Amino acid sequence: MKIKILAIIIISCLVSCKNEKQTKTKDGDKKQINMKKEEHTSLKSKLEERKTNFTLKADDNKKRAYKEGIESVEKSGIVNTAKQVGDKAPNFTLNNALGEPVSLTDYLKKGKVVLTWYRGGWCPYCNLTLHALQEELSNFKAQGANLIALTPELPDESISTSEKHNLQFEVLSDVGNKVAREYGIVFQLTDEVAKMYNQSFELNKHNGDESNELPLAATYIINEEGEIIYAFLDADYRNRAEPSELTNFLKNN
């Protein structure tokens with residue numbers, strides 16, 4: 001009788017362990033699936049989610065001011081007057097986070113360059129974009145291309161952004177938007193938006209001037225001859241070049 005009871009207990013334990021193992025396996029599978037979904041979530045969808053959250057949380061006055069700010073950039077015609085596909089990319093030399101000079105010409109000797117601008121570490125849309133670009137970086141390199149990001153922020157600010165996101169590509173401070181101006185992508189904020197930015201996170205302090213100017217969140221691909229072969233230009237700073245589409249372009253050009 002005791003042997004029979006012991007056998008029943010052992011069988012019950014085995015069944016329980018098996019069920020627990022299956023449950024853990026299913027949970028693990030679900031976790032892996034969710035991780036894969038996260039990895040393959042497009043930048044566009046993350047930016048759209050951010051837009052939705054802003055719409056839900058921001059007050060009407062801020063939404064109006066920001067909307068008018070975007071409309072002001074659209075009316076300026078800057079998207080059409082900026083450097084375009086087929087244009088020669090202006091060369092530049094800027095210091096990186098370590099104070100070392102980095103030139104576009106030197107990088108073009110190694111292969112194509114993906115050149116992108118971000119407004120600053122204070123911009124949530126920029127932070128999402130930088131993170132997505134870092135995730136895509138290995139694919140750029142597999143196509144023989146390097147990534148360079150420019151920002152009007154002072155060097156100390158750009159270092160902070162680079163460290164925060166563990167970025168493995170060049171992040172250069174284009175103080176005074178000198179390089180951005182050569183590419184024709186600099187615009188002036190409306191007085192109302194500039195006031196909001198300075199009250200909220202001290203834009204002028206980040207950039208080291210009181211110009212209240214910012215670059216478009218532009219992205220170019222430049223070939224080894226220094227010619228622009230791809231251009232993403234949009235008056236709405238919330239829209240960005242999709243990293244995976246940049247990789248596909250590099251594969252085919």
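Predicted model: local features only at pLDDT ≥ 70, side-chain atom pairs only at ≥ 80, totals over all residues.
**Aromatic pairs, a pocket and a buried glutamate**

Trainee: Which kind of pair do the rings of Tyr66 and Tyr197 make?

Mentor: A pair of aromatic rings is described by the distance of the centres and the angle of the planes. The centres of the Tyr66 and Tyr197 rings are 5.8 Å apart, and their planes stand at 80°. Planes over 60 degrees apart count as edge-to-face, so the pair of Tyr66 and Tyr197 is edge-to-face.

Trainee: How many residues apart in sequence are the parts that Tyr66 and Tyr197 tie together?

Mentor: Tyr66 belongs to helix H3, residues 60-76, while Tyr197 belongs to helix H9, residues 191-201. The pair therefore ties together parts of the chain whose separation in sequence is 131 residues.

Trainee: What is the angle between the planes of Tyr183 and Tyr220?

Mentor: Both Tyr183 and Tyr220 are buried, and their rings lie 5.5 Å centre to centre. The pair that they form is tilted, with an angle between the planes of 40°.

Trainee: Which residues do ring pairs link into a cluster that includes Tyr66?

Mentor: Tyr66 and Tyr197 pair with each other edge-to-face, and both of them belong to this cluster. The residues that ring pairs link together in the cluster are Phe54, Tyr66, Trp122, Tyr197 and Phe201.

Trainee: Which helix gives the largest share of the lining of the largest pocket?

Mentor: The largest pocket holds about 350 Å³ of space and is lined by 16 residues, with Phe54 and Tyr66 among those nearest its centre. Helix H2 (43-57), H3, helix H6 (124-142) and H9 each supply at least two residues of that lining. The largest share, four residues, comes from H2.

Trainee: Which residue's side chain is joined to that of Glu153 by a polar contact?

Mentor: Glu153 is placed in the loop between strand S4 (145-151) and helix H7 (155-164). Its relative accessible area is 0%, so Glu153 is buried. A polar contact of 3.1 Å joins the side chain of Glu153 to that of His206.

Definitions and conventions:
Residues numbered from 1 in each chain as written. Heavy atoms only, no water. Phe/Tyr/Trp six-rings, centres within 6.5 Å; stacked < 30°, edge-to-face > 60°. Buried < 20%, exposed > 50% of the residue type's maximum accessible area, 1.4 Å probe, protein only. 1 Å grid on protein atoms, 1.4 Å probe; cavity = no way out; pocket = protein on both sides within 12 Å on 5 of 7 lines; lining within 4 Å. Points joined across faces, edges and corners; volume = space filled by probe spheres on them. Polar contact = N/O pair within 3.5 Å; in protein donor to acceptor, adjacent residues only side chain to side chain.
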